[in-house]
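Student: I have just opened a new structure and would like to learn how to read it. Could you walk me through it?

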Amino acid sequence: MVMSGETPEPPATASEHAAPAPHAPMSLRERKKQLTYQAISDAAIAMFVERGFDKVSVAEIAAAADISKPTLFRYFPAKEDLALHRFADHEDESARVVAARADDESPLDALRRNYLDGLERRDPVTGLCDVPQVLAYQRMLYGTPSLVARMYTYQGRSEAALARALGDRVRDRLAAGQIIAVLRILALENWRRIEAGESADQVYDGAVEAAELAFVQLRSGLGAQ
């Protein structure tokens with residue numbers, strides 16, 4: 001859902017049927033490519049936030065980034081990906097958290113710890129961030145139906161990566177689907193409260209309480225509800 005610091009940053013993918021390995025150091029070529037991705041996406045997002053996603057053409061973005069349209073499409077297959085690139089670093093975050101947990105920590109405990117830490121840091125991915133640039137980006141995102149629809153593709157990949165990290169059995173895929181849905185709902189609720197006028201500090205206690213409730217339900221199931 002929604003990012004880090006002044007602008008939402010958002011994410012990597014696990015290999016099939018295996019937990020994701022730690023990120024290897026990037027080569028110079030990979031670093032340059034990543035910087036190019038970021039520069040193009042940043043230029044596009046600045047235009048989207050200022051004028052609206054649907055009012056900015058791919059040709060204008062390419063011109064602003066000083067590249068051709070074919071080059072732009074080699075980096076970003078769809079216009080929507082230009083706006084959602086900052087989610088890329090978070091796409092397999094849950095899978096990485098599960099893979100990197102201590103031997104005596106359960107996957108759910110690791111995910112809970114990571115989410116609560118994100119709330120404390122006001123990580124935009126948790127929705128608990130009132131930095132003006134982040135809020136402007138989120139308004140643009142949630143106000144554009146094609147971006148909301150495209151975001152489900154990213155969340156689907158997050159779910160698949162987490163399922164693999166858990167073992168990729170049917171029960172693991174069911175669990176991954178529930179976990180990713182819970183994280184999305186928590187983040188959206190935090191953003192809605194901030195968008196309605198509360199500060200991140202005002203929302204924090206309620207966000208923690210909601211997160212604790214959510215992880216209790218994940219651990220115990222819905223019971224008689």
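Student: Which residues does L82 touch, not counting residues up to four places away in sequence?

Tutor: Keep in mind that this is a predicted model. Leaving out residues up to four places away in sequence, L82 touches I40, S41, A44, I45, F48, I61, L72 and F76.

Student: How many residues are in the largest nonpolar core, and which of them touch the most other members?

Tutor: To read a core, look for its members and for those with the most partners. Here the largest nonpolar core has 56 residues, and F48, I61, L82, L84, L141 and L162 touch the most other members. Helix α9, residues 170–195, gives the most to this core, with 9 residues.

Student: How many helices and strands does the chain have?

Tutor: Start with the elements and then follow their order. The chain has 10 helices and 0 strands, so its elements run α-α-α-α-α-α-α-α-α-α from the N terminus on.

Student: What share of the chain counts as buried?

Tutor: Of its 225 residues, 43% count as buried. The accessible surface of the chain is about 11900 Å², and carbon and sulfur atoms account for 53% of that.

Student: Where does D92 lie, and why does D92 count as buried?

Tutor: For a single residue, find its place, then its accessibility, then its partners. D92 lies in the loop between α4 (79–84) and α5 (93–100). D92 counts as buried because its relative accessibility is 2%, and buried means under 20%. As for partners, the side chains of D92 and R96 are joined by a polar contact of 2.7 Å.

Terms used:
Residues numbered from 1 in each chain as written. Predicted model: local features only at pLDDT ≥ 70, side-chain atom pairs only at ≥ 80, totals over all residues. Heavy atoms only, no water. Helix = DSSP H or I, 4+ residues; strand = E, 2+ residues; numbered from the N terminus. Buried < 20%, exposed > 50% of the residue type's maximum accessible area, 1.4 Å probe, protein only. Polar contact = N/O pair within 3.5 Å; in protein donor to acceptor, adjacent residues only side chain to side chain. Areas by Shrake-Rupley, 256 points an atom, 1.4 Å probe, with all protein chains shown as cover. Core = buried A, V, L, I, M, F, W, Y, C linked by side-chain atoms within 4.5 Å. Contact = heavy atoms within 4.5 Å.
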